[in-house]
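Dear colleague,

I am handing over the structure below, together with an account of what was found in it. Please read the account with the structure open beside it.

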Amino acid sequence: MSQRLLLTWRPQAQCDGVALEAAAFRQPSVGMIWGAMTSLKPVEYRFDIGGDGRTVGIRRDGGDYVPFTDDIGPALSASRFAAGAPRTGCTVRFVPQQAPLASAALDDLAAYSLAPTAGALPREAWDRIYAAGTCLRAPRARPLTQVYPDFDKIEGTPGARDWSMVGYDTDAAGRPTNVRIVYGTHDAALDAAAVKALRESRYSGGARAGCLYPYWHAPEKLVAPPIPDEAGFRSAQATCPEKRDWVTPPVLRFPEPYRRRSIEGWAVVAYDIAPWGEIGNVRVLAAEPSDDFGKQAIQVMRSAKVAPAGTGAVGCTDRVKFVMGPVGGMQSDEVEAPPRPF
């Protein structure tokens, strides 16, 4: 019978031959699979680092499909390096690591438990996380008062969810003792607020040891890099009218893996219009922070149709903006994709 394994992706990166610290990269989401997968192979990306330390110009090398990689591009987009040291020509290779639940890293098991994409974490994994503690013994302790941090007063991280797994014991009266951070993303503000909230909580069940409770903060919006003027991409040979009469407006869908991390982006696309109004020859002229937004923009434009215009047109250009939050409408030179709520 196939055993369940934990799947993680570890970065190996460099810029101009100088290695980059793996700790600077946001970890792609941890997955769980049934049995070892020989089809999993490393995926490689090229990227630049802007003067503000953010990753831009992200594009994946190779077109082969590799499963369980949806969050790698968004995680790379959310990664941040020291400001004031822009670099170009960087490369990163994400290598898959498949580990049985019996030997997987405990912090990876804890991370998966907060975002279980392939089913709940099995009891055997929880037994490892709780180890020799007495928190899981029957009858299970219940929260009498569960206190939470004031998340509105905690600054989140753009493009990444912060989380703190708090460890604690309880005395005979159910008061938490020995409160400490066991696992997490090591955000100082969230860690401090989580410890404070846990100390103020109360539980039934008397004295226990080795208990755990998680707190997490949703990603803050990661605003896209500045979008260039569309006019700078318009060909001198273009015959496209300045205004388009949409018979079927573009279907505006935010790329889901980036929506989950609240990462905005944009693409500038060019296309031609057939005499009967069909859009074709769609190509990406520019996209940021990742070429994934360009791929999505192609799908957005292919869903549209323009009113028949006799001879058709060539060299049309549009900006497709993927923006989190309320959308104020669509202009002829700008298509904005509305998000779905969290």
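A definition is needed before the first finding: on a 1 Å grid over the protein atoms alone, a pocket is an open set of points where a 1.4 Å probe fits, with protein on both sides within 12 Å along at least five of seven lines, whereas a cavity is a set from which the probe cannot get out; lining residues have an atom within 4 Å of a point. Grid points are joined across faces, edges and corners, and a volume is the space filled by probe spheres set on the points.

The model is a predicted one, in which local features need pLDDT of at least 70 and side-chain atom pairs count only at pLDDT 80 or more, while totals for chains, interfaces and linings use all residues. Residues are numbered from 1 along each chain as its sequence is written, and side-chain values use heavy atoms, with hydrogens and water left out.

The largest pocket

The largest pocket holds about 1,400 Å³ of space. It is lined by 45 residues, of which Gln27, Pro28, Ser29, Asp71 and Arg261 are the closest to its centre. Helices (H or I, at least four residues) and strands (E, at least two) are DSSP runs, numbered from the N terminus. At least two lining residues come from each of S1, strand S3 (31-34), H2, S8, S9 and helix H5 (256-260). H2 gives the most to this lining, with 5 residues.

The nonpolar cores

A nonpolar core is a set of buried Ala, Val, Leu, Ile, Met, Phe, Trp, Tyr and Cys residues joined through side-chain atoms within 4.5 Å. Buried means under 20% relative accessible area, exposed over 50%, and partly exposed in between (1.4 Å probe, protein chains only). In soluble globular proteins, nonpolar side chains tend to be buried together.

The largest core has 30 residues, and those touching the most other members are Leu6, Leu109, Ile129, Trp163, Tyr168, Leu198 and Tyr215. Two or more residues of this core come from each of helix H2 (106-114), helix H3 (123-130), S8, strand S9 (176-184), helix H4 (188-199) and S11. H2 gives the most to the core, with 5 residues. Contact means heavy atoms within 4.5 Å. Beyond its neighbours within four places in sequence, Ile129 is in contact with Leu106, Leu109, Ala110, Leu121, Tyr183 and Leu212. Another core lies apart from the largest one; it has 26 residues, including Tyr258, Val269, Ile298 and Ala304.

Helix H4 has 12 residues and spans 17 Å from its first C-alpha to its last, close to the expected 16 Å, a value given by 1.5 Å times one less than the number of residues. Among the buried residues of H4 are Leu190, Ala194 and Leu198. The buried residues of this helix pack against S8, S9, strand S10 (202-203) and S11.

Aromatic pairs

The structure holds 13 aromatic pairs. Rings of Phe, Tyr and Trp (its six-membered ring) pair if their centres lie within 6.5 Å; planes under 30 degrees apart count as stacked, over 60 as edge-to-face and the rest as tilted. Tyr45 and Phe94 are edge-to-face because their planes stand at 90°, with ring centres 6.3 Å apart. Tyr45 lies in strand S4 (residues 43-49) and Phe94 in strand S6 (residues 87-100), so the pair ties together parts that are 49 residues apart in sequence. Both Tyr45 and Phe94 are buried. Together with Phe25, Phe47 and Phe81, they form one aromatic cluster.

Backbone features

Most residues other than glycine have a negative phi, and most peptide bonds are trans. The bond from Ala138 to Pro139 is cis, with omega near -10°, and Pro139 lies in the loop between H3 and S7. The bond from Glu288 to Pro289 is also cis, with omega near -5°; Pro289 is placed in the loop between strand S14 (279-288) and helix H6 (291-302).

Asp16 has a positive phi, near 55°, and sits in the loop between strand S1 (4-15) and strand S2 (18-20). Asp16 is exposed, with a relative accessible area of 64%. His186 has a positive phi of about 65° and is found in the loop between S9 and H4.

With kind regards
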